[in-house]
Amino acid sequence: MMVDAGSITFGYYTAALVAIAGVALASGTQFAVVGLWRRREAVYLSYAMLCLCVATLSFANALLHTATDVTVATAALRTMIGAAAVSFLPFVVFIRAYTGGAAQPRLQLAVGAAVGLFTWLNLDLPGTVFFTRVIPGPGIALPWGERLYDLAGSASNWGLLFHALSYVAFLWALSLAVAQMRGRERLRGALLAICLLSQFAALLWGDIVVDALGHRYPYLDAFSFLPFVLLMGVSLATQLHQRTVQLEQTTRRLEAEAHIRREAEFSLRHVAYHDSLTGLPNRLRALDHLAELHTETLARGQHGAVLLIDLDNFKTINDALGHPIGDRMLEAIADRLLAAAPSDAVLARLGGDEFVLVLGPLAGTAAAVQAQAHRVAESMVARLAEPVAVDSRILAVGASVGVALFPAGEQDVADLLRRADIALYRAKAAGRNAVRLFLEPMQQEADTRLALERGLRTALEQERMPTQFALHFQPQVNRRGELIGAEALLRWQHPQLGELSPTVFIPLAEETGLIHALGTWVIGQACMYIRAWDRDGVAFGGRLAVNVSAWQLNDPRFATQLEAQVRAAGIEPSRLTLELTESALLRDFDSALETLGQLSAAGFRLALDDFGTGYSSLSYLQRLPLDVLKVDRAFVSELTPNSANPLASFIVDVAHRLGIAAVAEGVETVPQRLALERLGCDGLQGYLICRPVDEPGFRRWLTEHQQARALPQAQRNTHDAQGARDASSRDRNSSGD
């Protein structure tokens, strides 16, 4: 039946088309904003473009069915076809983004070319893409009385191609939806599939029912987009909500992580500036506080003090009872120090068993501050002298404290701590459990010590030994005046400090470990001189005594290396006497005994120096492979013509009972010599015989001694008496021996 153009009405159908256009426009606008907000995300922007195409198609469809002439209807149809053609490109982009596929530039380029072609044809052809020519249709009468305008005409091949491409596009999209359902995103894939099937059904309705069967019903393409818009809107809104929830969860997680990070930073800062065992500030924190306090006292004209506290005998407890007990001990010590420290002082643990207490800023004169710091140090020492209960053990440690006041001309905090350390060293040397205040002479002594160490190291490393060091020799004779040997004594001619005694630099060489290189050089020089005397026919048939340090004796390779060095020099070990002190045996007696056994087996003669002034264990003495026992000068100096020192007599008697020789050192007077001869002493050494002399002087003495031995007895007695009178007029100080 024909519908007259004048009877066209606006009813439910056209109102539904306009509503669909409004829904699609609103949805497109919303997701366009979302897409732009989410950094131009493709899935939202393409969906927004697709909704705008649907809105245009729906609204143009409403215009078509309410048109009053063919011109208006044709324009509306062209708009519908253009919107449908343009929708292909956002449709392809949306499907790829929605299903999680990668962008395919070639596919998008091909679709864009097809869209451009159909859009141009739609505008250029007289009957649009769908018809070769357009004529008014018979109209459509809906059951509820609404009358719609429509167009008719001959179908175009371009229209058939357009419909075919539409089916291809929907089948391609449906395959991706099915693949998505088979994956992990079943719900999203199912929603897409439902939307595509509804659209596909609308296409089939138009092509089969309307076109093929000729029923006068309107196309439902625009209505098929309504579930697509609604379902996809719900889907994308759900995704957006999920992302919002994820964002909120991520925000909460980041806030929690930030809180944890702040706590971790606080914990790391606490760890970085506090001791993990005692909880006290550590060295780094103490140095920072001391630097701040030092700056403050300088600015305000006040004073401060550093108390360096070191525990006495803590290593013994730590080694004997183990580190866990030692740690408990340190915790208890820290508590005691905190209790004894002033409330405004800062107590820190520098490391090991060393603590530091920083006082200040303190008002008053330097003398008053010094007295206050000394009182605090004394209270610390007194508190730490009390026994400490650790588990079921009662342990006792003392403490030595070095005090340094500031400002007192120091350059920085390191200089200040160094001064406190020097004072602490003095407190340790004073017998421990003591307090010492830093004084300028201590710095001078430390500087001198440093200069000695540098000079000694430089002399050893730069091979300046022959120009700075030299051996002096002091002869040893028996009771008949016959030469039995000599002792080699090391002398150091320091470039700035002049000649130095071994008592000055030998302890320093032992502490710094340079004694090994120094001892090797001395042995080499001794061998060189013996070889030179043999070559030149010098009348030296005795043995040359060389002092050996305890540090050398503790080296397990010492005996082997010494024998190899002496034999390589062409000297028999039996021509050397190695003198060692009792302190050398106290460090590790069993190890020392083993080394001495190796030396004795190699042929070296062994002498125990300064016997009677140290440990003097007779049980140890009888186990040692000794050849000589030397009587210390302290016992020799007390000998008189009428009263012999009982200790000197005892030492000589012990030596003889053990089958070894007794040699007295420090013999300076004739009465001492006569007393020793009456005691049966085997050897004599001292100023009465000869002072220590250099190698040329020793050669001259040997010549003179040989000539004197060749004189008749009467002349020799006169010569000896004259030598005794000369010796008595000399300086009695024998510290150079």
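Visitor: How many helices and strands are there in the chain?
Guide: The chain has 27 helices and 20 strands, taken as DSSP runs numbered from the N terminus, where helices are H or I with at least four residues and strands are E with at least two. This is a predicted model, in which local features need pLDDT of at least 70 and side-chain atom pairs count only at pLDDT 80 or more, while totals for chains, interfaces and linings use all residues. Residues are numbered from 1 along each chain as its sequence is written, and side-chain values use heavy atoms, with hydrogens and water left out.

Visitor: And what share of the residues is buried?
Guide: Of the 737 residues in the chain, 45% are buried, meaning under 20% relative accessible area with a 1.4 Å probe and protein chains only, whereas exposed means over 50% and partly exposed lies in between.

Visitor: Switching to aromatics, how many pairs turn up in the whole structure?
Guide: A search finds 18 aromatic pairs, that is, rings of Phe, Tyr and Trp (its six-membered ring) with centres within 6.5 Å, counted as stacked with planes under 30 degrees apart, edge-to-face over 60 and tilted for the rest. One of them joins Phe118 and Phe162 edge-to-face, at 5.3 Å centre to centre and 80° between the planes.

Visitor: Where do those two sit in the chain?
Guide: Phe118 belongs to helix H5 (residues 105-124) and Phe162 to helix H6 (residues 157-182), so the pair links distant parts of the chain, 44 residues apart.

Visitor: Is Phe118 buried or exposed?
Guide: Phe118 counts as buried because its relative accessibility is 5%, and Phe162 is buried too, at 6%.

Visitor: Which residues make up the aromatic cluster with them?
Guide: One cluster is formed by Phe88, Phe118, Phe130, Trp158 and Phe162.
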